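Please go through them with the model open.

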Amino acid sequence: MFYLPAYSLDFNPIEKAWSVLKNKVRQIISQQNISVLSALDIAFKNM
């Protein structure tokens with residue numbers, strides 16, 4: 001058996017990608033008065 005450490009957000013690369021995406025969506029929504037879905041579409045296209 002191997003010891004498995006507890007789940008850590010710091011070591012999971014997808015968590016960092018989600019963080020970048022969320023920040024971009026927030027920035028787009030604050031700059032433009034659009035829906036969240038439209039902001040997600042723009043953010044995904046710009047990644």
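**Notes on the model**

1. Serine 38 has a relative accessible area of 33% and is partly exposed, a class that lies between buried (under 20% relative accessible area) and exposed (over 50%), with a 1.4 Å probe and protein chains only. Serine 38 sits in helix α2. From serine 38 to tryptophan 18 the separation is 20 residues in sequence and 17 Å in space, C-alpha to C-alpha.

2. The model is predicted, so local features need pLDDT of at least 70 and side-chain atom pairs count only at pLDDT 80 or more, while totals for chains, interfaces and linings use all residues. Residues are numbered from 1 along each chain as its sequence is written, and side-chain values use heavy atoms, with hydrogens and water left out.

3. The protein has 2 helices and 0 strands; these are DSSP runs numbered from the N terminus, helices being H or I of at least four residues and strands E of at least two. Along the principal axes, the C-alpha atoms fill a box of roughly 55 × 15 × 15 Å. Of the 47 residues, 11% count as buried. The protein exposes about 4,400 Å², of which carbon and sulfur atoms supply 63%; accessible areas come from the Shrake-Rupley method with a 1.4 Å probe, and for residues only the protein chains shown count as cover.

4. How do α1 and α2 pack? The angle between α1 and helix α2 (residues 36–46) is about 125 degrees, and their axes are 9 Å apart. That makes α1 oblique to α2, since angles under 35 degrees count as roughly parallel, over 145 as roughly antiparallel, 65 to 115 as roughly perpendicular and the rest as oblique. Axes here are lines fitted to C-alpha atoms, for helices over the stretch in contact, and angles run from 0 to 180 degrees between N-to-C directions. The crossing of α1 and α2 is right-handed, meaning that the near helix is turned clockwise from the far one by less than a right angle.

5. Ile14, Trp18, Val20, Phe44 and Met47 make a nonpolar surface patch of about 500 Å². Patch residues have over 30% relative accessible area and no salt bridge; nonpolar side chains (Val, Leu, Ile, Met, Phe, Trp, Tyr) are joined within 5 Å, and like charges within 9 Å. Helix α1 (residues 13–31) gives the largest share of the patch, 3 residues.

6. Valine 20 is in helix α1 and, at 40% relative accessibility, counts as partly exposed. Phenylalanine 44 lies in helix α2 and is also partly exposed, at 48% relative accessibility. Phenylalanine 44 and asparagine 33 are 11 residues apart in sequence and 18 Å apart in space, C-alpha to C-alpha.

7. Which side chains meet in a salt bridge? Those of lysine 45 and aspartate 41 do, at 3.4 Å, N to O. The rule asks for a side-chain nitrogen of Lys or Arg within 4 Å of a carboxyl oxygen of Asp or Glu, and by it the count comes to 1 salt bridge. Because lysine 45 and aspartate 41 are 4 residues apart in helix α2, about one helical turn separates them. Lysine 45 is exposed, at 61% relative accessible area, whereas aspartate 41 is partly exposed, at 39%.
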